[in-house]
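Hi there,

Here is the structure I promised to pass on to you.

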Amino acid sequence: MEYASSLLLFVLLSSVLLRAATSLDATTKAFIECLNTHYPQNSEIPISKVTLTPKNSTYKSVLEFSIQDLRFTSPSTNKPLVIVTPVNESQIQTVLYCSKENEIQLRIRCGGHDFEGLSYSTRTDIPFVMIDMINLRSVDVDVESGTAWIGGGANLGEVYYGIAEKSSTYGFPGGVWSTVGIGGFISGGGYGSLKRKYGLGADNVIDVRFMDVNGRILDKESMGEDLFWAIRGGIASSFGIVLAWKVNLVKVPEIVTIFAVHRTLEQNGTELLYKWQSIAPTIDRDLYLRVQFLVVNQDGKRTIRIAFESLFLGGADRLLAVMNESFPELGLVREDCMEVSWIESTVFFAGDASFSLGTSVEVLLNRSAPPKSYFKAKSDYVQVPIPVEGLEGIWKLFFQVDDGATNILMTPYGGKMDEYSESALPFPHRAGNLYMLYTGVTWQADTPVAEQQKLLDFLNSLYSYLGSYVSKNPRQAYVNYNDLDIGVGTSYEEASAWGTRYFKDNFKRLVQVKTAVDPDNFFRHKQSIPTFTAKSIGQVR
């Protein structure tokens with residue numbers, strides 16, 4: 001009897017799986033037929049040449065090439081039915097049309113740094129198609145006007161390299177990781193080592209080419225003020241597809257100075273870090289001085305190593321004068337300082353300062369160069385310095401995990417960031433925030449599942465502990481470090497749990513824009529901007 005029951009269950013399960021697979025095959029076939037029907041067959045590059053299904057030998061390598069968090073390479077991750085790597089805008093229009101026609105969700109991937117993999121995966125078995133923007137990565141610099149048009153598939157390394165080819169005195173306030181895609185970077189309010197001088201990347205956007213849900217290609221003027229506001233920091237993929245950004249370039253000196261100075265707890269590290277919290281956001285805005293720390297084994301003893309890493313827009317002599325006046329306790333000396341060009345400084349920071357000084361700037365063009373890892377991370381904003389006893393509590397928690405398994409990064413704000421109102425763009429984290437605090441854990445491919453869970457539990461414990469020292473009501477978070485733990489959902493009621501943490505009071509305006517431009521909520525995922533329904537409109541009046 002027991003055998004018969006088991007056999008029946010097996011047969012039923014097999015039947016369900018077979019029907020599901022057959023349904024997916026039919027959906028895939030219908031989608032591809034739609035592409036071939038609606039895209040001109042006499043085009044120079046047929047759309048079939050840039051369309052991949054799991055049956056194609058290159059599907060796996062194309063999918064995994066831009067996955068930066070290796071958690072999402074696991075067999076259990078739901079993968080796209082079809083990957084399209086378009087070479088022009090009309091191919092994107094065709095993919096959009098056929099996705100809607102076949103009621104298939106759409107994902108847009110630029111650099112693949114999405115912390116929750118939402119640009120190339122789903123947490124459910126919902127079928128979806130992915131557009132990989134990798135072929136649309138032109139960087140057209142106009143030195144005379146100090147502007148550049150950047151293709152939506154370019155990554156930051158390609159942007160920096162393209163600018164440096166034309167000028168040694170222009171830069172762009174992008175992020176430190178060279179493989180981050182420009183599309184997601186700007187649309188999530190991304191920033192980097194130039195933010196205290198020039199603000200966010202999005203603060204320097206002056207125009208855009210953007211495809212809406214109806215396939216229309218819009219620019220700043222034709223889309224209107226509200227949508228142009230929303231896509232610069234408010235998750236642009238919730239509203240449509242960024243084809244290209246036009247940005248103002250920013251002036252940088254011929255020579256900048258970088259340094260990385262390490263201090264341990266035994267070298268007065270706790271007191272230095274406590275003082276850093278008040279100094280870094282208020283010091284000369286030509287100076288970006290971030291901090292990150294982790295557990296290391298030094299001379300047979302476990303300790304916390306605190307790295308003070310800096311970019312200064314000027315020479316070493318002026319940097320030393322600034323540091324001696326504002327932060328003499330660090331003990332910076334001339335030998336710590338390295339004078340380089342701005343483009344060389346981007347290599348120093350690319351991949352989280354993993355490249356040694358003197359590494360060729362060509363590495364910025366290598367999309368595989370910075371290391372990939374298995375990781376999970378969270379973000380916070382600190383508005384009052386964490387006291388010494390609070391920092392010491394962090395050290396106690398850090399010593400509970402293996403060396404190098406967790407780290408904290410503190411990125412200072414202030415300077416230009418303080419000059420914008422919270423509502424200037426969807427990114428609200430302006431004046432009043434000392435620094436953004438990143439907490440993360442990493443593991444290896446062979447780390448047992450039980451050990452992975454211990455690290456995730458540790459991260460949650462650390463996050464809970466930090467709650468006493470970070471922003472409140474709401475506890476703010478940085479959308480480019482998206483975290484599904486703080487909430488998921490596609491309704492206004494569900495999304496408010498996380499939306500107000502990423503965007504504060506700007507969230508309501510984002511929902512209003514979304515409702516106007518994509519009323520059927522076609523562009524959606526677990527943390528996309530939702531639309532208002534009749535019920536939710538009544539709740540927010």
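**Cavities**

The largest cavity holds about 90 Å³ of space. Before going further, please keep in mind that this is a predicted model, in which local features need pLDDT of at least 70 and side-chain atom pairs count only at pLDDT 80 or more, while totals for chains, interfaces and linings use all residues. Residues are numbered from 1 along each chain as its sequence is written, and side-chain values use heavy atoms, with hydrogens and water left out.

A cavity here is a set of points, on a 1 Å grid over the protein atoms alone, where a 1.4 Å probe fits but cannot get out; lining residues have an atom within 4 Å of a point. Grid points are joined across faces, edges and corners, and a volume is the space filled by probe spheres set on the points. By this rule there are two cavities of 30 Å³ or more.

The lining of the largest cavity consists of Tyr160, Phe172, Gly174, Gly175, Val176, Ser193, Leu194, Leu311, Trp342, Ser345, Thr346 and Phe349. Helix H11 (residues 342-353) gives the largest share of that lining, four residues. Helices (H or I, at least four residues) and strands (E, at least two) are DSSP runs, numbered from the N terminus. By class, the lining of the largest cavity has seven nonpolar, five polar and no charged residues. For these classes, Ala, Val, Leu, Ile, Met, Phe, Trp, Tyr, Cys and Pro count as nonpolar, Asp, Glu, Lys and Arg as charged, and the others, Gly among them, as polar.

The second largest cavity has a volume of about 30 Å³. Around the second largest cavity you will find Ser193, Leu194, Arg196, Lys197, Arg285, Asp286, Leu287, Tyr288, Leu311 and Leu313. Helix H6 (195-198) and strand S13 (287-298) each supply at least two residues of this lining, which divides into five nonpolar, one polar and four charged.

**Helix packing**

Now to the helix pairs. Axes are lines fitted to C-alpha atoms, for helices over the stretch in contact, and angles run from 0 to 180 degrees between N-to-C directions. Angles under 35 degrees count as roughly parallel, over 145 as roughly antiparallel, 65 to 115 as roughly perpendicular and the rest as oblique. Contact means heavy atoms within 4.5 Å.

Helix H9 (residues 269-279) and helix H12 (residues 388-398) have axes that come within 10 Å and cross at roughly 125 degrees, which makes H9 oblique to H12. The crossing of H9 and H12 is right-handed (left-handed if the near helix is turned anticlockwise from the far one by less than a right angle, right-handed if clockwise). On the H9 side, Thr270, Leu273, Tyr274 and Gln277 meet Val388, Leu391, Glu392 and Trp395 of H12. These contact residues comprise five nonpolar, two polar and one charged.

H12 also packs with helix H13 (residues 449-466): their axes come within 11 Å and cross at roughly 170 degrees, so H12 and H13 are roughly antiparallel. Glu389, Gly390, Gly393, Ile394, Leu397 and Phe398 of H12 make this contact with Phe458, Leu462, Tyr465 and Leu466 of H13. Seven of the contact residues are nonpolar, two polar and one charged.

Helix H14 (residues 492-503) and helix H15 (residues 506-517) pack at about 125 degrees with their axes 8 Å apart, which makes H14 oblique to H15. H14 and H15 cross in a right-handed way.

**Backbone details**

Two spots in loops deserve a look. The peptide bond from Asn473 to Pro474 is cis, with omega near 0 degrees, and Pro474 lies in the loop between H13 and H14. Glu103, a residue other than glycine, has a positive phi near 55 degrees; Glu103 sits in the loop between helix H3 (89-101) and strand S3 (105-109).

Best wishes

Technical notes:
1 Å grid on protein atoms, 1.4 Å probe; cavity = no way out; pocket = protein on both sides within 12 Å on 5 of 7 lines; lining within 4 Å.
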